[in-house]
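Trainee: I would like to learn how to read a few features of a protein model. Could you take me through them one by one?

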Amino acid sequence: MSPWLTVVGIGEDGFSGLGKHARRALLGASRVFGGQRQLDLLPHCITGERLLWPSPFSLAPVLALRGEAVCVLASGDPMFYGVGASLARQLDVSEMSVLPMPSSCALAAARLGWPLQEVLTLSVVARPIAALNAHLYSGVRLLVLSNDGYSPAAIAALLHERGFGPSRLQVFEHLGGSAERRLDGTAEHWPHTQIADLNLIAIECLAAPDAPRLSPLAGLPDSAFKHDGQLTKRDVRAITLARLAPRPGELLWDVGAGSGSIGIEWMRAHPSCRALAIESDAGRQQLIEHNRDALGVPGLQLIRGRAPMALQGLERPDAIFIGGGVTREGVLQHCWEQLRPGGRLVANAVTLQSELALVNWREQHGGELSRIHIAQAQPLGEFDTWRQALPITLLEAVKPVDA
C-alpha cells in the first residue's frame, strides 16, 4: 500500500524552509490538517482544503479520509511528542510518510551547545507540570516543551518550591524563526512575565543546600511523604519494591495504599510504569494526592473505596501489593484471581491475625514467606541502644503462567 497520508514537519520559517518532498506533498494534497498557526504559514499556491483540528482534539477526521491525498502539518519533528506519533498508533507504517524538520529540542540544544543525548527531554503540553518533580536532581539538564506562555513562570515557581531555586532557566521563543528570542533567569528570581505561547524551557537543575536529597532508586526517606503513620517505612519499602520488581509499562495495584508510597515509588521506577492506589480513608486519599504530585507521578490513579468491592472492573494488574486488608474476606483471593499470569503478589503483615492469613493462603497457593526485623540506634540516657521496629511478615508469590 502506497502512503495516502503525509505528515509534514514545519518550522517557524514556514513553507520556504521545507524540502522538495514536503512541498510536493502539500501541493498535491486535497486536504491539509493543522493548527491555525501552522496553516497560516502556507502560501496561496497550496490549494487543498485547509482544515483545523477539532476541539476536543481527534484524529477521526483524518482517518475518515483514508485513501485520499491528505497532509497533516506538525511543528518540527512530528514523531517527537507530536501528531505523527499519535497517527502511528492508528495506522500501519505503510499508509503514511513522515517528513520531519528539526525539533525545537534539537534547535535549543544547538543554541546551547548541549549534547542532546545527555539531556532529558520532557513535555508539559496538556500535562501536569508536577511530573517534572520526578526528574529534579542537581546537575541534570532538562529541555521542556511548554504548554503556553505561563509555563515558564509556573515551572520556575515549582522548582523554587522543591528546593531548586538556584536552577538556571533559559526560555526560547519561536525557535528557528525571525522572531526567535531567548530569556534568562533563575527559578527563585524569575523576572519574565510576557512570554510567547510557543516556547521551550532549558533548565540546568541546581539544588539549594537545604534541598531534600531524593534518589531515583527505591527507598525514599520517610520524610519525603506526608502521612498519618500509615506508611510502609523506608527499609521495608525498598525490600517490598525489590520483590514487586517493576518493569516498564507494567500496572500495579496498591491495595490499602495508605499514603501511596509503594505506588509512587513503583511509578518512579520507569516513566511508563502505572499504578492504581486503592484507599478507603478520605484523609489518606488527600495524602496520596499530595504525595503523587510532590514526587512527580501525577498519573497515579486513586481508586476511592474498600477492597475487595473497589477492585471490581479494574484493569488486570501485572503486580499487586497488599499493605492493608489481608484479613478482610475475599481480598487475597480476588487479587490472586485478577493478577495476570506471571504476575507478582506481595503482601505485608504486622499483626498475628494478618500473619496467620498469609500463612494459610501460602499453604493453598504457594509462595515465599520472609520475616523482616529492623532496629535503629536511639538514645538511652547517656548511651545508645537498639530500638526494634515491629517485625514484618512478607509474602511473595508469582502466579503460574498457565494459571
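Trainee: In what order do the 5 strands of the open sheet run?

Mentor: Strands of a sheet pair through backbone hydrogen bonds, either parallel or antiparallel. Here the order is E3-E2-E4-E1-E5, with parallel pairing. Strands (E, at least two residues) and helices (H or I, at least four) are DSSP runs numbered from the N terminus, and two strands pair if DSSP finds at least two bridges between them. Before we go on: this is a predicted model, where local features need pLDDT of at least 70 and side-chain atom pairs count only at pLDDT 80 or more, while totals for chains, interfaces and linings use all residues. Residues are numbered from 1 along each chain as its sequence is written, and side-chain values use heavy atoms, leaving out hydrogens and water.

Trainee: Which strands are the edge strands?

Mentor: Strand E3 (49-52) and strand E5 (96-99), each of which pairs on one side only. On average, neighbouring strands of this sheet are turned by 20° against each other, direction ignored.

Trainee: Over how many bridges do E2 and E4 pair?

Mentor: Strand E2 (residues 31-34) and strand E4 (residues 70-75) pair over 3 bridges in the parallel sense. Look for Arg31, which stands opposite Val70 in E4.

Trainee: Now the helices. At what angle do H7 and H8 pack?

Mentor: Two packed helices are described by the angle between their axes and the distance between the axes. Helix H7 (residues 234-244) and helix H8 (residues 261-268) pack at about 55°, and their axes are 11 Å apart. The axes are lines fitted to C-alpha atoms over the stretch in contact, and angles run from 0 to 180 degrees between N-to-C directions. H7 and H8 are therefore oblique to each other; angles under 35 degrees count as roughly parallel, over 145 as roughly antiparallel, 65 to 115 as roughly perpendicular and the rest as oblique.

Trainee: Which residues make the contact?

Mentor: With contact meaning heavy atoms within 4.5 Å, H7 contributes Arg237, Thr240, Leu241 and Leu244, and H8 contributes Ser261, Ile262, Glu265 and Trp266.

Trainee: What is the phi of Tyr81?

Mentor: Tyr81 has a positive phi of about 55°, although it is not a glycine. Tyr81 sits in the loop between E4 and helix H4 (83-88).
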